[in-house]
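Here is a short briefing to read alongside the model on your screen. Please keep the sequence and the 3D view open as you go.

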Amino acid sequence: MTPPNPPGRFRVGLLGNGTVGSALAALLPEHADRIEVRTGLRPELTGILTRSSGDFDDLLERSDLIVELIGGIEPAREYVLRAMRAGRHVVTANKQLLSQHGEELWDTARELGVQLRFEGAVAGVVPVIRVLQESLAGATIDRVHGIVNGTTNFILTEMARTGATFSEALAEAQRLGFAEADPAEDVDGRDAAAKMAILARLAFDTPVRLDQVRYEGIEHIKPDDLEYARELGLGLKLIGTAERIGGGLSVRVHPAFLYPGHPLASVSGPFNAVTVESEAITEITMSGPGAGGPQTASAVLGDVISAMIPPASTPETTQALKLVQDVVSAFYLHLEVADEPGVLAQVAQLLAEQGVSVKSVVQKGMRDQARLVMVVHPVLESRFSGAMKLIADLAVLRAPPRAIRVLEEEFG
Ligand SMILES: NC(=O)c1ccc[n+]([C@@H]2O[C@H](COP(=O)([O-])OP(=O)(O)OC[C@H]3O[C@@H](n4cnc5c(N)ncnc54)[C@H](OP(=O)(O)O)[C@@H]3O)[C@@H](O)[C@H]2O)c1
């Protein structure tokens, strides 16, 4: 079905007039002249749908392309499907929708020969979707690592910089506009998990849904974890990983310590970054602002301009890699124990029984208590959690053990 495109004009219907929608409504007329020179078509906003104003059917009738910036699942899913079925291209920044209903939407776009673009859905203005879909289409990707949530990266940066608690750093993030009033999906890792599901789908041509991504947030991180880690030469980030493992695919999000040479170690504040690793290209890292109205709107406008020129689509899934849950990781382990002789030996023995070997230890006495902070060599996570359960039962323990993963690779 060909939409009725008046000569020389390209009509954009906008769903949502919030942080990103209102920024796009301002940006589009500002760039109309430049876009017309580039594409031969002059973009114009035909209308904006919100909860209280506008009519979807009327907007669809008068638009060549629909931009969905409502967020959430319904009615966004329904509107996106109806727009594509009416032959319209769609641009969206909705990671929740794509990570839960992506296959249905991409299948529909392919079947109907319309474009569904979503650069703004992951890492804001960092052009990681385009790079995976187009620039790296010829590379076999082994792993994608990402800092894909700016709120948590700001909080962790602030905790490391000032010694603030999680709650204090979150309050500061909210004050500066880097965290929503309800930050639950950011701090518990779900937002990053949705983005990693999308990146994994594109990098590995395998269907990945949000409910297949294991995620853990940063609410439990304590200031002294960051302090001791500094002594061990480590920095903390909320890391999303999608990687091939033994013929399968592991997609996960959790806090992890990084050594200073890691390409993501220097990404601080609300910035996002994604590292893509492939034997053919070694490794590339892209970084930049991960959110914000004007920033995300500029990624969305880039998608609108691309849709005005030649077609691009998300290919069918050609692989069906099995999703792997138990992976190998190094760990930082923090124990509050009684200050008695032989405690370290007891802990070391339990670790050894599970095949966990210690790489480095920092020990501090504090009156009748001692603090043991160690980094262990890479081990299967199931083995490490087995050791953690045994350690938690030790009579000498004064608080539940705390563990955070460490990314071991050294980058030159
Ligand atoms: N904010 C960011 O920095 C950012 C970054 C990357 C991606 N995104 C994504 O961009 C999308 C939009 O985010 P946002 O921050 O701009 O959201 P927002 O500020 O909450 O705005 C949402 C807009 O959608 C409208 N809306 C909500 N439910 C609707 C419904 N049932 N029917 C019609 N309109 C409805 C709202 O209407 P009312 O005005 O009537 O309430 C509002 O104008 C989301 O998918 C988000 O994940 C946002």
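Predicted model: local features only at pLDDT ≥ 70, side-chain atom pairs only at ≥ 80, totals over all residues.

Two strands count as paired if DSSP finds at least two bridges between them.

**Strands**

- Strand S10 (residues 271–278) pairs with strand S11 (residues 282–289) in the antiparallel sense, over 8 bridges.
- S10 and S11 form a hairpin, and 3 residues lie between them.
- S10 also pairs with strand S6 (residues 141–147), again in the antiparallel sense, and 6 bridges join S6 and S10.

**Around the ligand**

- The ligand is surrounded by 22 residues, and the closest are Gly16, Gly18, Arg51, Gly71 and Ala291.
- Sorted by class, this shell holds 13 polar, 7 nonpolar and 2 charged residues.
- Which helix gives the most to the shell around the ligand? That is helix H1 (residues 19–39), with 3 residues.

**H1 and H11**

- H1 also packs with helix H11 (residues 293–308): their axes come within 8 Å and cross at roughly 40°.
- Angles under 35 degrees count as roughly parallel, so H1 and H11 are oblique to each other.
- The crossing of H1 with H11 is right-handed.
- On the H1 side, the residues in contact include Thr19, Val20, Leu24, Leu27, His31 and Ile35, while those on the H11 side include Gly293, Pro294, Ala297, Val300, Leu301 and Met308.
- The residues of this contact divide into 12 nonpolar and 7 polar, with no charged ones.

**H5 and H9**

- Helix H5 (residues 128–135) packs with helix H9 (residues 190–204) at an angle of about 15°, and their axes are 9 Å apart.
- The crossing of H5 and H9 is left-handed.
- H5 makes the contact through Val128, Ile129, Leu132 and Gln133, and H9 through Leu199, Leu202 and Ala203.
- By class, the contact of H5 with H9 has 6 nonpolar residues, 1 polar residue and no charged ones.

Conventions. Residues numbered from 1 in each chain as written. Helix = DSSP H or I, 4+ residues; strand = E, 2+ residues; numbered from the N terminus. Near = placed C-beta within 6 Å. Nonpolar A, V, L, I, M, F, W, Y, C, P; charged D, E, K, R; others polar. Axes fitted to C-alpha atoms, helices over the stretch in contact; angles between N-to-C directions. Parallel < 35°, antiparallel > 145°, perpendicular 65-115°, else oblique. Left-handed = near helix turned anticlockwise from the far one by under 90°. Contact = placed C-beta atoms within 7 Å.
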